[in-house]
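Subject: Structure handover

Hello,

Here is the structure you will be working with. Please open it first, then read my notes below.

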Amino acid sequence: MKRKFKKAYTALKKIGAPVFENEDMKRDGNFGLSAENNYDRIWADYYREFGWPVDGIDAEVLKIVDKNGLYFEWQNPGVLYAYEK
């Protein structure tokens with residue numbers, strides 16, 4: 001995993017975000033965020049049922065990925081992947 005991805009991944013893990021490495025995406029160096037593990041905290045919501053203004057993603061999560069020069073893109077309603085800006 002590239003340094004910026006690893007740094008963001010580690011920071012997200014530290015706050016308890018449901019991030020994971022995807023074998024199919026490893027060659028690109030990115031990782032995923034599950035939008036299906038919203039039990040203790042709402043990390044992401046594709047349908048924006050909770051009124052989030054930016055892509056249905058938790059503000060702290062967005063701050064971490066942005067700080068590392070990354071962004072999330074929805075792959076389907078249950079998963080987002082991180083990419084370089």
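First, a definition: two strands pair if DSSP finds at least two bridges between them. Helices (H or I, at least four residues) and strands (E, at least two) are DSSP runs, numbered from the N terminus. With that in hand, look at Glu73: its bridge partner in β4 is Tyr81.

Two notes on the source. This is a predicted model, in which local features need pLDDT of at least 70, side-chain atom pairs count only at pLDDT 80 or more, and totals for chains, interfaces and linings use all residues. Residues are numbered from 1 along each chain as its sequence is written, and side-chain values use heavy atoms, with hydrogens and water left out.

Overall layout
The chain has two helices and four strands. From the N terminus, the order is α-β-β-α-β-β.

The sheet
The four strands form an open sheet, ordered β1-β2-β4-β3, with antiparallel pairing. β1 (19–21) and β3 (70–76) are the edge strands, each pairing on one side only. From one strand to the next, the twist averages 35°. (Axes are lines fitted to C-alpha atoms, for helices over the stretch in contact; angles run from 0 to 180 degrees between N-to-C directions.)

β3 and β4 run antiparallel and are joined by six bridges. A hairpin of two residues links them. On another side of the pairing, β2 (residues 31–34) and β4 (residues 79–84) share three bridges, also antiparallel. There, Ser34 stands opposite Val79 of β4.

Helix α1 (residues 3–14) lies across β1, β2, β3 and β4. Its direction is about 140° to β1.

The core
Which residues touch the most other members of the largest nonpolar core? They are Leu12, Phe31, Leu33, Phe72 and Leu80, out of 21 residues. A nonpolar core is a set of buried Ala, Val, Leu, Ile, Met, Phe, Trp, Tyr and Cys residues joined through side-chain atoms within 4.5 Å. Buried means under 20% relative accessible area, exposed over 50%, partly exposed in between (1.4 Å probe, protein chains only). Two or more core residues come from each of α1, β2, α2 (59–67), β3 and β4.

Take Leu80. Beyond its neighbours within four places in sequence, its contacts (heavy atoms within 4.5 Å) include Phe31, Leu33, Ala44, Ile57 and Phe72.

Across the chain, buried residues make up 41% of the 85 residues.

Best wishes
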